[in-house]
Amino acid sequence: MENIERQDLLAAYYTGNFLEQGKYRQEYSLVEIKKRERDLSPLLQRLPADILRFLEIAGDLAEKYQIRLYLVGGLVRDIFLNIENRDLDLVLEGDLETYIRELAEVLKVEYTYNAWFRTGNLALPGGLNVDLAGLRREYYRYSGALPEVEPADDILEDLFRRDYTVNTLVLILNEGKWGCLLDYFNGLEDLREGKLRILHPFSFLDDPTRIIRGARLASKIGFTFEEVSAALLKEALTEADFSHLSLERVLKELELLFATPINPALFPLLRNYPIFKLLNLEVEIGEELPEQAEELEAYLAELSEKNYNIEEWVLRTALFFADAGEEISGWKLRSDYKDIFLAYYRYKSLLPELDRDLAADELAAKLKALRMEELLLLLVKGRGRRIKENILRYMKELRDIELKINGKDLLASGLKPGPLFREILDAVYRERLKGSLYTREEQLAYARDLIRERGGNKE
Ligand code: CTP
């Protein structure tokens with residue numbers, strides 16, 4: 001019975017009726033909504049000079065038009081936490097298009113504007129990224145849908161569509177009110193206590209990616225989910241249907257979660273909140289994972305100086321996908337990412353073969369098809385000293401070996417085009433792997449001997 005009622009409630013919630021009544025959803029708030037204002041202008045002085053200067057210019061322009069401009073979201077949260085952040089989110093109460101055009105003109109930078117979403121962006125020098133938005137209200141037609149956007153009446157409504165109270169703090173940027181903090185949802189207290197609190201009971205169902213955003217804040221900054229939010233999160237993970245949620249959106253959040261080294265705090269968190277269910281994956285967080293992650297981070301740190309362009313977030317994510325090969329095979333995804341996600345599944349059968357003493361050319365033959373990320377995954381997941389030694393030996397000594405001669409040289413040496421080309425180049429490569437034929441001259445001489453031996457000369 002309880003379930004039926006719950007389904008009815010959800011059905012009612014995600015229908016047109018509810019869309020019309022959207023304004024009243026604040027009645028469902030889990031938080032007491034009350035405007036608290038405080039002068040926090042000294043806090044803004046903590047910001048780097050270029051951000052401060054930009055905010056002053058943006059605030060002055062808004063004041064000229066007598067429209068409110070707010071600094072919102074992650075940066076406000078991070079000012080309190082003393083964490084550097086160069087992504088700015090601004091919300092404007094008036095005509096965004098005119099404002100953004102003029103602001104770009106004043107700053108002499110390029111801008112983009114999206115009339116449909118009422119959002120814009122400025123890319124400033126020094127890697128400063130500025131997102132601007134008009135006041136917006138958002139509705140979800142079904143769980144996991146992209147939101148429908150319409151203009152909101154005031155900043156409170158705009159804030160109510162957001163994920164956690166710690167992300168609802170805003171600072172006014174207009175002169176006269178410069179640095180005035182608006183805290184409608186008691187976000188400052190939650191921030192001080194390190195609590196992640198959603199704003200209404202449907203929050204995780206509206207947008208399940210908030211679950212991963214929460215896991216990121218929890219594992220990186222040490223926040224914990226407040227009791228009711230934690231219960232609703234668990235309920236969403238056990239009962240919600242994530243089939244309408246796009247793979248792309250979930251991966252975008254995983255990219256943020258895994259962009260930086262994995263913090264050991266993530267593992268107990270993932271046992272408690274199995275976030276990979278958003279991808280319909282059952283991922284067991286085994287005892288071996290923290291150690292493997294630590295090992296992976298050590299290798300990544302070691303390799304960071306080299307120019308391998310390792311897709312770090314994909315590799316970190318892949319650590320959790322070891323047993324999910326079948327499901328991942330069906331994903332529509334960039335093939336290089338998919339290869340990395342599938343690497344362990346595809347190549348684990350190689351591991352026993354690597355548990356032997358292997359000559360350099362045998363070893364290279366087994367591993368040459370693997371990209372760096374795939375090798376790293378096998379390395380940290382493979383058990384046994386010899387397996388690891390072999391993979392490391394290939395990575396460090398053999399992988400980067402390239403021949404100094406090519407097919408053109410063989411042609412110039414009189415070899416007729418045909419299958420012998422590949423055979424001879426392979427033979428030179430094998431000798432090179434064994435530790436001889438370092439120079440181009442040595443390689444050429446060896447190749448020419450082979451050509452003569454095999455009688456491959458042109459008539
Ligand atoms: N937001 C949300 N649900 C999402 C994504 C974003 O409610 N799935 C809200 C959050 O309140 C967030 C704001 O939109 O503060 C802006 O989003 P974004 O720029 O992605 O996040 P940041 O504020 O920069 O926060 P973070 O630094 O944690 O990424």
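Leu420, Ile424, Ala427, Val428 and Glu431 of helix 23 meet Gln443, Tyr446, Ala447, Leu450, Ile451 and Arg454 of helix 24. Contact here means that the C-beta atoms of two residues, placed from the backbone, lie within 7 Å. The residues of this contact divide into eight nonpolar, one polar and two charged; Ala, Val, Leu, Ile, Met, Phe, Trp, Tyr, Cys and Pro count as nonpolar, Asp, Glu, Lys and Arg as charged, and the others, Gly among them, as polar. Helix 23 covers residues 420–434 and helix 24 covers residues 440–454. Helices (H or I, at least four residues) and strands (E, at least two) are DSSP runs, numbered from the N terminus.

Before going on, a word on the source: this is a predicted model, in which local features need pLDDT of at least 70 and side-chain atom pairs count only at pLDDT 80 or more, while totals for chains, interfaces and linings use all residues. Residues are numbered from 1 along each chain as its sequence is written.

How do the helix pairs cross? The table sets out three of them. Axes are lines fitted to C-alpha atoms, for helices over the stretch in contact, and angles run from 0 to 180 degrees between N-to-C directions.

| Helix pair | Angle | Axes |
|---|---|---|
| Helix 14 (residues 289–303) and helix 20 (residues 372–381) | about 135° | 9 Å apart |
| Helix 4 and helix 6 (residues 96–107) | about 135° | 11 Å apart |
| Helix 23 (residues 420–434) and helix 24 (residues 440–454) | roughly 135° | within 10 Å |

Helix 23 and helix 24 are therefore oblique to each other. Angles under 35 degrees count as roughly parallel, over 145 as roughly antiparallel, 65 to 115 as roughly perpendicular and the rest as oblique. Helix 23 passes helix 24 in a right-handed crossing. A crossing is left-handed if the near helix is turned anticlockwise from the far one by less than a right angle, and right-handed if clockwise.

Turn next to helix 14 and helix 20, whose crossing is right-handed. Helix 14 brings Gln292, Glu295, Leu296 and Tyr299 to the contact, and helix 20 brings Leu376, Leu379, Val380 and Lys381. By class, these residues are five nonpolar, one polar and two charged.

The crossing of helix 4 and helix 6 is right-handed. Ile57, Ala58, Leu61 and Ala62 of helix 4 are in contact with Tyr99, Glu102, Leu103, Val106 and Leu107 of helix 6. Eight nonpolar residues and one charged residue make up this contact, with no polar ones.

Eight strands form an open sheet with mixed pairing, in the order 1-10-9-2-3-6-5-4; two strands pair if DSSP finds at least two bridges between them. Its edges are strand 1 (37–39) and strand 4 (111–114), each of which pairs on one side only. On average, neighbouring strands are turned by 25° against each other, direction ignored. Helix 4 (residues 49–64) packs on this sheet, where it touches strand 2, strand 3 (87–92), strand 5 (119–124) and strand 6 (128–134), and its direction makes about 150° with that of strand 2.

Within the sheet, strand 2 (residues 69–72) runs antiparallel to strand 9 (residues 170–172), and three bridges join them. Valine 72 has valine 170 of strand 9 as its bridge partner. Strand 4 and strand 5 are antiparallel too, joined by four bridges, and tyrosine 111 is paired with leucine 122 of strand 5. Their hairpin has four residues between the strands, and arginine 118 takes a positive phi near 55° there. Strand 5 and strand 6 pair in the antiparallel sense over six bridges, with asparagine 129 in strand 6 as the bridge partner of alanine 123. In this hairpin three residues lie between the strands, and glycine 126 takes a positive phi near 80°.

Finally, which residues surround the ligand? They are Gly73, Gly74, Asp87, Asp89, Arg162, Asp163, Asn167, Asp207, Thr209, Arg210 and Arg213, a residue being near a molecule if its C-beta atom, placed from the backbone, lies within 6 Å of it. Strand 3 and helix 10 (209–221) each supply at least two residues of this shell. Helix 10 gives the most, with three residues. The shell has seven charged and four polar residues, and no nonpolar ones.
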